[in-house]
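This report describes selected features of the structure shown below. Each section takes up one topic in turn.

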Amino acid sequence: MLLLVLLLVPLVGAALVAPIREQVTAKWVAVAVSVVELALVVVAWFAYSVPAAQGGTRFQLEFAVDWIPAFGTRFALGIDGFALVMLAITAVLVPIVMAFSWSEKLPEGRTQSGFFALVLATEGLLVGVFAATDVFLFYVFFEAMLIPMYFLIGRFGGPRRQYAAVKFFLYSLLGGLIMLASVIGLFVVSGRELGQGTFTWVELQKMAASLPESTQIWLFLGFFVAFAIKAPLVPFHTWLPDAGAEAPVGAGVLLVGILDKVGTFGFLRYCLPLFPLASQKLAPLVLTLAVIGILYGGLLAVGQTDMKRFVSYTSIAHFGFIALGIFAFSTQSISGSVLYMVNHGVSTGMLFMVVGLVIARGGSRLVGDYGGVHKVAPLLAGAFLVAGLSSLALPGTNSFVSEFLVLLGSFPRQPVFTILATVGIIFAALYVLWFYQRTMQGPLRGSAVLAALGGGRGDGPGTMIDPAVAAERGATGFPDLSKREIGVLTPMIVLILVLGFFPGPVLDVINPTAAATMTEVGLPDPVGGVSR
Amino acid sequence: MTPVLLAQATGGAITAPPIAYGAIAPVLIVLGGACVAVLVEAFLPRHQRWPVQVALSLVILAAAGVTLGVHAGGSPAALTTLGDALSVDNPTLFLWGTLLLLGLGSILLIADRSVEPGGAFIPSSASRAAAAGGGGESVLPGIEAEDDRDYGEPGSAPTMQTEVFPFALFALGGMMTFVAANDLLTMFIALEVLSLPLYLMCGLARRRRLLSQEAAVKYFLLGAFASAFFLYGLALLYGYAGSVKLSAIAQAAAGSDRSDTLLFGGLALLVVGLLFKGSVGPFHTWTPDVYQGAPTPVTAFMAACTKVAAFGAISRVLFVAFDTTRWEWRGVLWAVAIVSMVIGAVLGLTQTDIKRMIAYSSIAHAGFLLLGSMSITEQGVSGTLFYLLAYGFTTLAVFGVISLVRDADGEASHLSQWAGLAKRSPLLAGVMTFLLLALAGIPLTSGFTAKFAVFAAALDDGMAPLVIVALIASAVAAFFYLRVIVLMYFNEPAPDGPTVTVPGAFTTAAITLGVLVTLLLGIVPSLALGMASGGPFVG
């Protein structure tokens, strides 16, 4: 029942917020709904029993009613450790995103009530995606989730928002439809194996052992393509830089921070347990893509001139690490990957926000238009540094723990891929620090900064900002963080540090499910040394 | 020979076949009601016709629905009646219900007089040209009517041509017979009964006379062609099996050393005629022109009901008569389905007129439907039936919405005119978005459930490659639905853009009906799925 409430609260909230004409009221109602949701997730966190999960209970807090008997599908909700931490990060990020977007400048003619309602709708559908224990139901939420995000990007985004929104939608829809082929296939196959078609995850998982490998490979590929587009893995990634760059910052945080995790969550929940033989067989392929993603994403991040695209490319590199951990098949690496999913939501979410704040002040997305921001906005620059260091996995920040776990857990089974992935860390240091140095350090320079400070166009290296735009904006100044912005960023910094020093409670929740997943894959943990 | 016939005639050897009146009452009511409607047209004064016709049509549909409900409520066994000419089995009952409901929605759209002052229909152009006075004979009527925006006698309220109501009822009766026909001759007659009124209805548009007349002529010529194909195929099959009964053809094909040429030649020609009606590519060429040219309420009627009738018949023919030879013909229909899906999805991308776009969408959907018709299994039948129900209502509502977006020249069907519509009329844009998402097959709409049902049946019957093609075609088609959504929501409205007419009660009711069914079938489809899977075709 709790999960049903968790699902319904944001959806009903969205329906309530959308028609409110008074914008401030709408925003407060939306924030209240999201805080209620957060409180409910806290309740769920404590209701979730780790010992029971260790004892072999696959799903907890279950809720199920029959939905469409003809398709063997039930409206079934339930959470394991993976789902719980994903719900938690979702519920934490949404209020922060709302507070961040409180006075976001929207394109002409758009209302904030619409924006906040769409954010709530996204949250509700994400809860459905993570909590569904019926493959059909999962698919329904997986596809439905596209629609609010499509409108968030397309209605509220940057200048090329239409292109980005359509690209995002079509990529995801194509992936979804390919997955639909596998979903239908799973139904048909289960009808043959079990006598009656079903979509119940637990039943399908029991069936997995007896499925022939060739069938598993076909079904696996359908799911894999959809999740690889969502995650995104190279070469299915090209929609993300566009969508990330054009999305309004709040939606971008949700997109990169949570929505994309649905892909990696899907690998863990659906690809590995339902198609264990295919997962093992195709793991080298996925690992190759993952490592290419780490290196290629990192390399492109170094070369980006657009700040939001930069964040998107760092994400692609990070998703490579997550996929590496998942398909290296050890409890440690899988736990690391799930923790990585949480941490990435925090650190990249924060990076996105900080970049958004910089862009809001300077009016340009180009790296070259900024320089020496630290001189005028030291707090902003400091927050930028924290987010960046977390992103490059400095020890003491959250990402270090997860990245280390992934590499440590992956090495025994996949030494070559792990060593190659480690090179990605160097790229991470390069792109973060160089980016920080160019925009925040040194003398004041860059046309956006100078224009904002009223010093004309200046003769700095960055001259990409449109002079007319700069003149029109006039000297807006380049203020440091406001109280609201400090309030928004503080919890993120706290999360970064707390998860960096005390990841224990989260790992306790994740570990039993990671062990269960390993059992379902049917592989023993590699014990020390290099296994052959 | 002659003496034998004489003996039969005089000796009472021909007995009237028993008729299950209870089972076929819906058809009798609709066709009988259509005759009454003709009389109304003939004897009532002009100003009384519209209210009487509307009321009569609604009463007829309701009465037919009630008798259908009474019969189906007793969960009857499948039966054939009228000397095996009609088969009243579960699919028939389901399709009748679907047709009656869709017919109700269409009649509501047709009856509306508030959207287009005086209704969307006028008498034939010739009489208008004459009524316009004087030079009617010297000028081609269509050309003159093109710029003629005189909607009736000066000083009098615009009137509506009400003969469209009996036309619609006759067409509907024909469709109901068509899907129940158990032998090919009955099927042919039903085909003509449903087609002829449609040809006429296409040409009745009040605005854009030339386009409307061109559509009517094109539809008529190509339709006549297709009927000829059907008839030819029928003749060959009769030559093969010695009977026009579907079950007899199946028996003949099951175990005989007769010439396969006749069988497959006959099947091919027969199916061409049926595929034409279902607007399946590559027999689709009439569809965009006719959808665009016909008055929008008639387009809605054609798009929803004709599709149901055509695919009901295709499924019945394939299921009952050609079950045993499925491995021979399936390859060809595979190709047809692929062609239809590809044509619909790809050419739909290039359209700039929304009615043409929906026409190409209907061609793609016809390809999907063919997957269900080809699966000769119970799931295939129930999936197809469900798909028809879902698609019919979505399309009906789509055309209802299209008829509301107008500018000074009538409907603003060019896509560019839809830009920024969400700003002017958020409700209409929201409804249209929902319907387009249903056409694209997004979950929580009926389109998704229907696709799932059909594709699951097809996959189960060994058509995995076809399902993949269908899913890719769905993704391509999604692009043009999305384009409309983008236009409505993300673009700035044109300064002299169209206005959204506040719909009258009839149109509102039709659109609401369509949207509600689309939503309900997406969320709680169990009831309809259960009804659709009550049993397969019985010959």
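## A salt bridge within chain B

In this predicted model, the side chains of R406(B) and E411(B) meet in a salt bridge, with a distance of 3.9 Å from N to O. Both partners, R406(B) and E411(B), are buried. Elsewhere, salt bridges that share partners join R58(A), D80(A), R269(A) and E520(A) into one network.

A second pair in chain B is formed by the side chains of D89(B) and R316(B), which meet in a salt bridge at 3.1 Å, N to O. D89(B) lies in the loop between β2 (86-88) and α4 (90-111) of chain B, while R316(B) belongs to helix α13 (residues 296-321) of chain B, so the pair ties together parts that are 227 residues apart in sequence. D89(B) and R316(B) are both buried.

## Salt bridges in the whole structure

How many salt bridges does a search of the whole structure find over all chains? The search finds 23. As a general principle, side chains of opposite charge can pair when their charged atoms come close.

One of these pairs lies in chain A, where the side chains of D242(A) and R309(A) meet at 3.1 Å, N to O. This pair links distant parts of the chain: D242(A) is in helix α11 (residues 239-246) of chain A and R309(A) is in helix α15 (residues 307-327) of chain A, 67 residues apart. Are the two partners buried or exposed? D242(A) counts as buried because its relative accessibility is 5%, under the 20% limit for a buried residue. R309(A), with a relative accessible area of 22%, is partly exposed.

## The interface between the chains

Chain B and chain A meet through 30 residues of chain B and 33 residues of chain A. The area buried between the two chains is about 3000 Å², and carbon and sulfur atoms give 80% of this area. Between chain B and chain A the count is one salt bridge; the side chains of R192(A) and D460(B) meet in a salt bridge at 3.0 Å, N to O. There are also six residue pairs in polar contact between the chains, with both residues at pLDDT 80 or more.

Which helices of chain B each supply at least two residues of the side that touches chain A? They are α18 (426-440), α19 (446-460), α20 (464-490), α21 (505-523) and α22 (526-532) of chain B. The largest share, 11 residues, comes from α20(B). By class, this side of chain B has 23 nonpolar, six polar and one charged residues.

## A covered helix in chain A

Helix α19 of chain A (residues 398-410) has 13 residues, which at 1.5 Å a residue should span 18 Å; its end C-alpha atoms are 19 Å apart, which agrees. The helix is mostly covered, since 10 of its 13 residues are buried. Among them are V401(A), L405(A), V406(A) and L407(A). The cover over the buried residues of α19(A) includes α15, α16 (331-362), α18 (378-391), α20 (415-440), α23 (483-501) and α24 (504-521) of chain A.

## A buried threonine

T264(A) is placed in helix α13 (residues 261-274) of chain A. With a relative accessibility of 0%, T264(A) counts as buried. Its side chain reaches the backbone oxygen of K261(A) at 3.0 Å. Leaving aside neighbours within four places in sequence, T264(A) is in contact with A231(A), F319(A), I322(A), I326(A) and M341(A).

How values were computed:
Residues are numbered from 1 along each chain as its sequence is written. Chains are lettered from A and ligands numbered from 1 in the order in which they are written. This is a predicted model: local features need pLDDT of at least 70, side-chain atom pairs count only at pLDDT 80 or more; totals for chains, interfaces and linings use all residues. Side-chain values use heavy atoms; hydrogens and water are left out. Contact means heavy atoms within 4.5 Å. Buried area is the accessible area (1.4 Å probe) that two parts lose on being put together, summed over both. A salt bridge is a side-chain nitrogen of Lys or Arg within 4 Å of a carboxyl oxygen of Asp or Glu. A polar contact is a pair of N or O atoms within 3.5 Å; within protein, one must be able to donate a hydrogen and the other to accept it, and residues adjacent in sequence count only if both atoms are side-chain atoms. Helices (H or I, at least four residues) and strands (E, at least two) are DSSP runs, numbered from the N terminus. Ala, Val, Leu, Ile, Met, Phe, Trp, Tyr, Cys and Pro count as nonpolar, Asp, Glu, Lys and Arg as charged, and the others, Gly among them, as polar. Buried means under 20% relative accessible area, exposed over 50%, partly exposed in between (1.4 Å probe, protein chains only). The expected span of a helix is 1.5 Å times one less than its number of residues.
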